[in-house]
Amino acid sequence: MDEEAAPDQSTRRLRYYGVGDLATYWQVRQAVEVVGAFDPVSPPEDVNGILELHNARLFIEAGFVPADIAEHHRQELLAKSTSIRRIVAQWFNDLQDGNLAEKLQGVDWQYQEHLLDLLAGLGVYGRCSPAAMLSALDGAEIQLGDMVTSKRLVENYDTTLRDRILAEPRGAELVIQHHLEDERTKDSFLPASFSPADSRALMESYIDSAAPNPNYLKLIADAAIDSAAGIDARLVVKARRRYNAMIEELFQTNPGIKTGCAVTVSRTQVEPVVSSLNDMVIEYTFSEAWLEDTLDFPSVLNNVQYLFEFAPQDGLLTLPAFDSERGGIEAAIGLIGTSHYRTGQIFEAKDRATLLQTVMYVRYLASKDIDLEAVLRWYFEEYLPEEYGVEGFVFSPSSPMANYLERCRNLFAEMESVATQFKLFLEDGEIDHEVAAAGADQVRYRTIPSTLVGKYAYPTDHNEIRTLLHTLFSDQSSLTYVNEALRGNNAFELLRRKEVSYESLHEYQRPLVDKLIEHGVAENTGGRIHLKNPGLLRVLMSLADYEAVAYYHLNERSRTQVDTMVDAGWLVRRSTLLTNAEASYFNFNLNSVDFSNGPKLRNKYQHGVQAKGHGEAQHQETYYRALRLMLALTLKINDEFWLVDAEKTRD
């Protein structure tokens, strides 16, 4: 961001935003001016003047002063900040029922958070009555939603706040935020007297109200059953029905923008696959000649892996939702539930594309008298014994005469059977089907083992690796924009495609580049900042794109980089068949182990509680989704056996 883009400090009061916010750095000189002009003999009397002094003190005590300030001047500022702390405390200690409304009137909106914190920290809530305090806060235009972010305010005015929340249906939004919304900027608190029965009754009245917010309805509709929050199955279904009705009404009056995916097969196309964007519809066109030439069973599975891009790189599935796919703007809009699988536009596009590609391929192969489930049977019962000497796997395809409901139930059962067989083979070196039957239970995809020690590497919470990944790959990095000619979606793209010199960087960007240079990711050649160390970059890119690194797919140089980062505490290695992101994807689709907003396909068909009245089309779509998951699991199992075999050759 250009320095000229900094906020106009002449029209806004000083506010301390914290260490990680660029606005803090823009205001350091103003903070010095405010503290320097402070006179303890005649301090300000109005609330905004007092709160501005409080913010100025926070700058000084946190060490945010201009670099050219002399040491003796720093000490003077620190001494004044101590006096400011005393004056601010005295001002708040003078607050009482009789003067609250007058004293708090007109507080600047940007100081409301600090006001609530100081009222709590300096004990004002404890000595002022509920009526006087809440009336004064109302006069200061502080909303109820902001009040409940103050734990001490809620504790001191428990029953009064409970009555306020219950006063109208819209109060349910505070309850929904508290129990169900994730990624909130601040925690919220409900009165101790606010019961689960209160919560349920208020949310039900909100669902029935004239104009509920669809975002909050969706949070209830996708929520996990939670008696402590007043959420039961009937409330969830009621919210879902109201939400669906509102969305249907919306599209009846506003057709919106046409988006989607189309998959076709071309008789004339030479390239195996071509993708294009037609308005907002992604079109994938596959070469019939290519598909015709790859009808042997190994090539069929290769097409799923590489042509349809299920796992084109290092055996890592592209199907899951990854945080890196959700840009800063997308992450900021909408509401995310605490137990939600975090999707986004890119995930939705991938989901549509891979599902339609699966449908297309099933139908194309059927036209050649090939059943894709028969290909899966061949892989487990013939290919594994012949290629890797792995005996004992059994896969039972659906009957050609079965309807889609029966196929769904069979395929979900076979998927769990294969996962169980794989686990037994790794544990015992053989597959005893009686043992498999005796220990039959719901598969825990997150714990399916791997024979490869430390198969995947994941970033830890170490500040260095988190900062490095954010700096290079986040669209919210401060290193994405230098000027109009030097900009990119992220710093990696910018530095790779543009000639960015060190001198062209803004002052606040140089420490970020210094870190990249320090860690060996980049170098200053004089003319430009040049990305280097391909081995390290490959590791970082995999961490950014897939949230994991497949260690045994790496060359020696990249493995050494991973080993070094593990020793430094940046990465941790674990051994499972699926990465964390892949396991989450399976759980999202199949069950409610981790997430409440998934289709829970396995659970519904296992227990016979799938929705009724939607006919064969519903089961047909579920079948294709199940087949996509079964194909993905097969690719992961094949990757495991291939890597084990490759490591034997390597040794």
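Where do Glu-381 and Arg-377 lie, and how many residues apart are they? In this predicted model, both sit in helix H20, which covers residues 372–388. Four residues separate Glu-381 from Arg-377, about one turn of the helix. The two form a salt bridge, with the closest N and O atoms 3.2 Å apart. As for solvent, Glu-381 counts as partly exposed at 29% relative accessibility, and Arg-377 is also partly exposed, at 25%.

Another one joins Lys-515 to Glu-464, and here the closest N and O atoms are 3.3 Å apart. Lys-515 is partly exposed, its relative accessible area being 31%.

Then there is Lys-218, which pairs with Asp-222 in a salt bridge whose closest N and O atoms are 2.5 Å apart. The two partners fall into separate accessibility classes. Lys-218 has 31% relative accessibility and so counts as partly exposed, while Asp-222 comes in at 11%, which is under the 20% cut-off, and therefore counts as buried.

Salt bridges also turn up as a network. Arg-200, Glu-204, Asp-208, Asp-232 and Lys-238 are linked in this way.

How values were computed:
Residues numbered from 1 in each chain as written. Predicted model: local features only at pLDDT ≥ 70, side-chain atom pairs only at ≥ 80, totals over all residues. Heavy atoms only, no water. Salt bridge = Lys/Arg side-chain N within 4 Å of Asp/Glu carboxyl O. Buried < 20%, exposed > 50% of the residue type's maximum accessible area, 1.4 Å probe, protein only. Helix = DSSP H or I, 4+ residues; strand = E, 2+ residues; numbered from the N terminus.
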